[in-house]
Amino acid sequence: MMDNDLRAQAAPDYAAVVLGNLSEPFPHSAHHTQVSADDRPTPEQIHPAFYTSFDWHSCVHMHWLGVSLVGGTPGSPFAGTTAAGASDGGTAAWVDAATEASLRAALGANLTPAKLAVERDYLLANPSWERPYGWAWLMRLAATCSASPDAEIRQWGTALEPLVDAVAELSAAWMAKAQYPVRHGLHTNAAFGVGYMLDAFRSLGRVDAAKACEDAARTWFADDRGWPGDWELSGQDFLSAGLSEADLMRRVLSADEFAGWFAGFLPELSTASRILQPVSVTDETDGYLVHLHGLNLTRAGQVARIIATLRQSSGPEAAAAAAVLSDALDPLLKAGLSGLESGDFMSTHWLASFAWDALGSVAELD
């Protein structure tokens with residue numbers, strides 16, 4: 001099983017990815033909807049905080065990765081050390097002091113109240129934009145900053161609070177009117193976005209927004225049975241629709257309730273099930289085909305978190321399901337991590353965030 005040693009080894013490379021992404025405004029994929037012939041803003045004009053990293057949502061989760069590397073988590077190798085000028089010495093970083101200083105400078109230049117106010121206004125003016133994937137990563141960024149022991153990072157969290165207000169409002173309105181969830185394995189997948197928003201809203205003390213996520217999860221997914229795990233893979237997925245749904249439901253059900261639900265949701269699950277098999281990429285330069293690297297990583301992270309919940313259950317189904325998932329975990333993680341070896345921008349502008357997320361979930365399982 002992979003552990004924190006692998007995160008420590010990867011951290012310098014991932015920090016370099018973050019710094020490279022945050023300093024390169026192009027190439028850029030603009031998702032702005034023009035309302036007139038004159039409505040042709042540059043990315044930096046409408047997204048002064050998040051205009052690099054190829055697209056807005058990738059830039060947001062590159063900021064999350066940068067904060068995670070600076071803010072530290074259990075197992076970080078530089079416990080008790082901080083970069084010169086760090087606010088209160090409460091951070092255990094994953095990188096050396098010089099790299100930490102560079103990350104802090106790059107992140108702090110973007111996470112300012114003035115720049116984030118422009119981002120908030122754009123979200124409110126375009127209520128379905130980046131729904132729910134970009135919202136989810138933005139809330140993860142805010143929650144990670146707000147929970148940090150470091151005063152400088154918490155200041156970034158304070159600057160993000162107006163965006164939390166905006167997403168809490170927008171997401172509640174969306175979930176109240178959405179009769180059906182989006183189930184495919186791309187950005188608009190409902191379960192993936194709602195799951196991470198739920199975690200963040202709970203961490204941030206946004207009780208009403210968290211309840212809206214819980215209610216939507218139960219309405220959309222509580223009665224699901226017999227998920228066709230061998231049929232779900234599409235050629236450019238970076239999410240498992242089935243495992244994303246299970247990863248959400250483990251957040252809203254008790255461990256015993258979830259074990260029973262999961263047994264009915266994937267009743268024929270085995271080590272040979274396609275939903276647990278690693279997939280490969282034939283062209284690292286194809287921005288859609290490389291999504292499959294992300295699929296391996298998101299599956300690995302979701303499998304690890306589901307195992308952790310099943311281990312808390314005393315139900316008869318839990319141990320058998322956990323054993324099957326445990327056999328699948330390392331192959332998925334290793335296949336996903338190999339996706340960063342090419343160094344191609346079509347992978348690196350987003351994949352390192354997914355790798356860090358998966359490694360963290362696996363490390364917590366150990």
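**Figure 1. Aromatic pairs in the predicted model.** The count of aromatic ring pairs in this predicted model comes to 22. One of them joins Y133 and F238, whose ring centres are 5.6 Å apart with planes at 70°, so the pair is edge-to-face. Y133 belongs to helix α6 (residues 133–146), whereas F238 is in the loop between α9 (207–221) and α10 (241–252); the pair therefore ties together parts that are 105 residues apart in sequence. Y133 and F238 are both buried. In the pair of W137 and Y196, the ring centres are 6.1 Å apart and the planes stand at 40°, so this pair is tilted. W137 is buried, with a relative accessible area of 1%, and Y196 counts as buried at 5% relative accessibility.

**Figure 2. An aromatic cluster and two charges over rings.** One aromatic cluster is formed by W64, Y133, W137, F192, Y196, F238, W350 and F354. Y196, a member of this cluster, also has the charged end of R251 over its ring, 5.3 Å from the ring centre.

**Figure 3. Helix α8 and its surroundings.** Helix α8 has 14 residues and reaches 20 Å from its first C-alpha to its last, close to the 20 Å expected at 1.5 Å a residue. Of these 14 residues, 11 are buried, so α8 is largely enclosed by the rest of the structure. Which residues of α8 are buried? They are A190, A191, F192, G193, V194, G195, Y196, M197, L198, A200 and F201. The cover over the buried residues of α8 includes α6, α7 (151–177), α9, α10, α12 and α14 (345–365).

**Figure 4. Helix α12.** Helix α12 (residues 291–310) has 20 residues, and the distance from its first C-alpha to its last is 28 Å, close to the 28 Å expected at 1.5 Å a residue. Of the 20 residues of α12, 19 are buried, so the helix is largely enclosed by the rest of the structure. α12 is also among the elements that cover the buried residues of α8.

**Figure 5. Y14 in the largest nonpolar core.** The largest nonpolar core contains 123 residues, of which Y14 and F262 touch the most other members. Leaving aside neighbours within four places in sequence, Y14 is in contact with L65, L69, L337, L340, A352, A355, W356 and L359.

Figure 6. E245 is found in helix α10. Is E245 buried or exposed? At 2% relative accessibility, E245 counts as buried. Not counting residues up to four places away in sequence, E245 touches R183, A191, F221, D224, W227, W261 and F265. A191 is one of the buried residues of α8. The C-alpha atoms of E245 and R202 are separated by 19 Å, and these two residues are 43 places apart along the chain.

Figure 7. The peptide bond joining F26 and P27 is cis, with omega about 0°; P27 is placed in the loop between α1 (4–23) and α2 (43–46). Another cis peptide bond runs from R131 to P132, with omega near -10°, and P132 lies in the loop between α5 (113–125) and α6. The loop between α5 and α6 also holds E130. Phi of E130 is near 60°, a positive value in a residue other than glycine, and E130 is buried, with a relative accessible area of 12%. F54 is a further residue other than glycine with positive phi, near 80°; its place is in the loop between α2 and α3 (56–71).

**Figure 8. Confidence along the chain.** The mean pLDDT of the protein chain is 94, and 96% of its residues reach 70 or more. Over residues 82–87 the pLDDT is below 50. This stretch has 13 contacts in the model beyond near neighbours in sequence. Where pLDDT is low, the predicted coordinates should not be read in detail.

Definitions and conventions. Residues numbered from 1 in each chain as written. Predicted model: local features only at pLDDT ≥ 70, side-chain atom pairs only at ≥ 80, totals over all residues. Heavy atoms only, no water. Phe/Tyr/Trp six-rings, centres within 6.5 Å; stacked < 30°, edge-to-face > 60°. Helix = DSSP H or I, 4+ residues; strand = E, 2+ residues; numbered from the N terminus. Buried < 20%, exposed > 50% of the residue type's maximum accessible area, 1.4 Å probe, protein only. Lys NZ or Arg CZ within 6 Å of the ring centre and 35° of its normal. pLDDT = per-residue confidence, 0-100. Contact = heavy atoms within 4.5 Å. Core = buried A, V, L, I, M, F, W, Y, C linked by side-chain atoms within 4.5 Å. Expected span 1.5 Å × (residues − 1).
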